[in-house]
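These are my notes from going through the model, kept in the order in which I looked things up.

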Amino acid sequence: MEFKDYYEIMGVKKDATQDEIKRAYRKLARKYHPDVSKEPDAEKRFKEVGEAYEVLKDPEKRAAYDQLGTNYKAGEDFRPPPGWDQGFEFHGGDFTGADASGFSDFFEQLFGRGFSYSSGASRGGAEYHTRGNDTHAKILIDLEDAYHGANKTMTLKHTELGPDGRPQVKERTLNVRIPKGVRQGQHLRLAKQGGAGIGKGEAGDLFLEIQFKPHPYYHIEGKDVYLDLPLAPWEAALGAKIKAPTPTGPVDLKIPPGSAAGRKLRLKGKGIPGKQPGDLYVILQIALPPADTESAKQAYREFEKAVPFNPRASLGV
Amino acid sequence: MTKQMMSLLSGDVLEDNMEITLAELCRICRLPAERVFELVEEGIAEPLGQDPQYWRFQGISVLRVRCALRLEHDLGINTAGAALVLDLLDEIETMRTRLNRFENLG
């Protein structure tokens, strides 16, 4: 078991006052709160900080921890010396707010557990018959899945209490129907696929947040889809009829003469389908033909002679 | 893997075609109705309909309410603060999506 340096986790000195510890906690809690933070390991850090605060904010636990702490460094192998907590009175199981179920082995060894079993009951469920927790996960889909609907297989890890009462990580595979018309950030509720109930309580629900895999050329905003479409300079200048890809297959697109780069063409109703389908926006880009042959260079020179043009006129130079 | 695990699961899209009553929202979020009234007052959940007896909430309200409760509990903020955080998170999400599009240009 690794020793955890709670002071280091909280970024405070060993002699920090209770007020300083509270301030450090508030700051880190905001930074790593999983609902707010975009840090990749936010959830882990948030739990760590919560655990550290659970110990340091309680003068009794802090004093007991301090007594150990002087001889260990973070990450070092640690076993609590026998009788380490003698002379300290913990108000057994009285964890003051945090959900201790995610705390480390290190914490459990020192301060025990059992809190996580009572928490369900204390939050208003009937004793020993509590509905399981709702669980959350993300599911990655392709843009095409939102256009046509799809069946997706996904593997989820979850923690279950094993026969010995210790949490075990288990994997399960789900086959999920993705309905047509789903959008980024929407949630799919799969009834009773969440955490197992306690006693006769039924299982919680599983909430899947829809996330699109990045697509090489489409971008999605809500129900609208954007495509950057490159044009040759002459197509943009003279107008043209060209082929453009869409998620439902290529279409013929008429480019009006004199189209500048950045011009948006709207293909109504070609976005993500639904009662009110989104639109597909084609954003025109102008590609530069390479001047890598003598004839191409010659053509550019003639173009320059034929068309007087200062692209920086608006910059005053 | 057993066969049962692989049977096809279908769900409701919370944002689209799922509506719940006040009683259901209270049950799912394990909240008394008075707390839900507070959350509605701050715009965290936005019901359709006049009389609370006939209120209908979008499924997404469940997630917004839960997120607000977590924020209140973990960060020590009040309901108005949680409502502000939720609104700002929505705004950030919209901007991130747009930013992604422009960063990937060219």
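In which helix of chain B is the place of Asn100(B)? I found Asn100(B) in helix H5 of chain B. The model is a predicted one, and I read every value below as computed from it. I then checked the surroundings of Asn100(B): the count is 13 C-beta neighbours inside 10 Å, so Asn100(B) is partly exposed. The cut-offs that matter here are 20 or more for buried and 12 or fewer for exposed. I also took a distance from Asn100(B) to Leu84(B): the two are 16 residues apart in sequence, and their C-alpha atoms are 24 Å apart in space.

Entry on chain A overall. I counted nine helices and 11 strands in chain A. Chain A has 317 residues, of which 22% count as buried. Among its contacts with a separation of 6 or more, I get 56% from residues 24 or more positions apart.

I looked at helix H3 (residues 42-56) of chain A, which has 15 residues. From first C-alpha to last, H3(A) reaches 21 Å, close to the 21 Å expected at 1.5 Å a residue. Its buried residues include Phe46(A), and the run from Glu48(A) through Val49(A), Gly50(A), Glu51(A), Ala52(A), Tyr53(A), Glu54(A) and Val55(A) to Leu56(A) is buried as well. I then turned to helix H9 (residues 294-306) of chain A. H9(A) has 13 residues, which should span 18 Å at 1.5 Å a residue, and I find its end C-alpha atoms 18 Å apart, which agrees. How many of the 13 residues of H9(A) are buried? The number is zero, so H9(A) lies largely in the open.

I traced an open sheet of four strands, in the order E1(A)-E5(A)-E4(A)-E2(B), with mixed pairing. Strand E1 (135-141) of chain A and strand E2 (12-13) of chain B stand at the edges; each has a single partner strand, so one side of each is left without a neighbour in the sheet. Next I followed strand E4 (residues 187-190) of chain A in both directions. Toward chain B, E4(A) is joined to E2(B) by two bridges, and the strands run antiparallel. The bridge partner of Arg189(A) in E2(B) is Asp12(B), and that of Leu188(A) is Val13(B). Within chain A, E4(A) pairs with strand E5 (residues 206-212) in the antiparallel sense over four bridges. Here I noted that Leu190(A) has Leu206(A) as its bridge partner in E5(A).

Entry on the contact between the chains. I find 31 residues of chain B in contact with 29 residues of chain A. On the chain B side, the elements that give two or more residues are helix H1 (3-6), strand E1 (8-9), E2, helix H4 (60-75) and helix H5 (79-103) of chain B. I sorted the residues of that side into 15 nonpolar, eight polar and eight charged.

Entry on the nonpolar cores. The largest nonpolar core has 41 residues, and those touching the most other members are Leu25(B), Ile44(B), Ala45(B), Val62(B), Val65(B), Ala68(B) and Ala82(B). Two or more residues each come from strand E3 (167-178), E5, strand E7 (224-231) and strand E11 (280-286) of chain A, and from helix H2 (22-29), helix H3 (33-41), H4 and H5 of chain B. H4(B) gives the largest share, five residues. Domain 2 (135-212) and domain 3 (225-306) of chain A both give residues to this core, so it lies between them. I listed the contacts of Ile44(B), leaving aside its neighbours within four places in sequence: Leu39(B), Arg64(B), Val65(B), Ala68(B), Ala82(B), Ala83(B) and Leu86(B). A second, separate core has 18 residues, including Ala24(A), Tyr32(A), Val55(A) and Ala64(A).

Entry on positive phi values. I noted Lys192(A), which has a positive phi of about 60 degrees although it is not a glycine. Lys192(A) lies in the loop between E4 and E5 of chain A. It has 14 other C-beta atoms within 10 Å, so it is partly exposed. I also noted Arg30(B), with a positive phi near 50 degrees in a residue other than glycine. Arg30(B) is in the loop between H2 and H3 of chain B. Its count is 14 other C-beta atoms within 10 Å, so Arg30(B) is partly exposed.

Terms used:
Residues numbered from 1 in each chain as written. Chains lettered and ligands numbered in written order. Predicted model: local features only at pLDDT ≥ 70, side-chain atom pairs only at ≥ 80, totals over all residues. Contact = placed C-beta atoms within 7 Å. Pairing = 2+ DSSP bridges. Nonpolar A, V, L, I, M, F, W, Y, C, P; charged D, E, K, R; others polar. Expected span 1.5 Å × (residues − 1). Core = buried A, V, L, I, M, F, W, Y, C linked by C-beta atoms within 7 Å. Domains from an automatic or database assignment.
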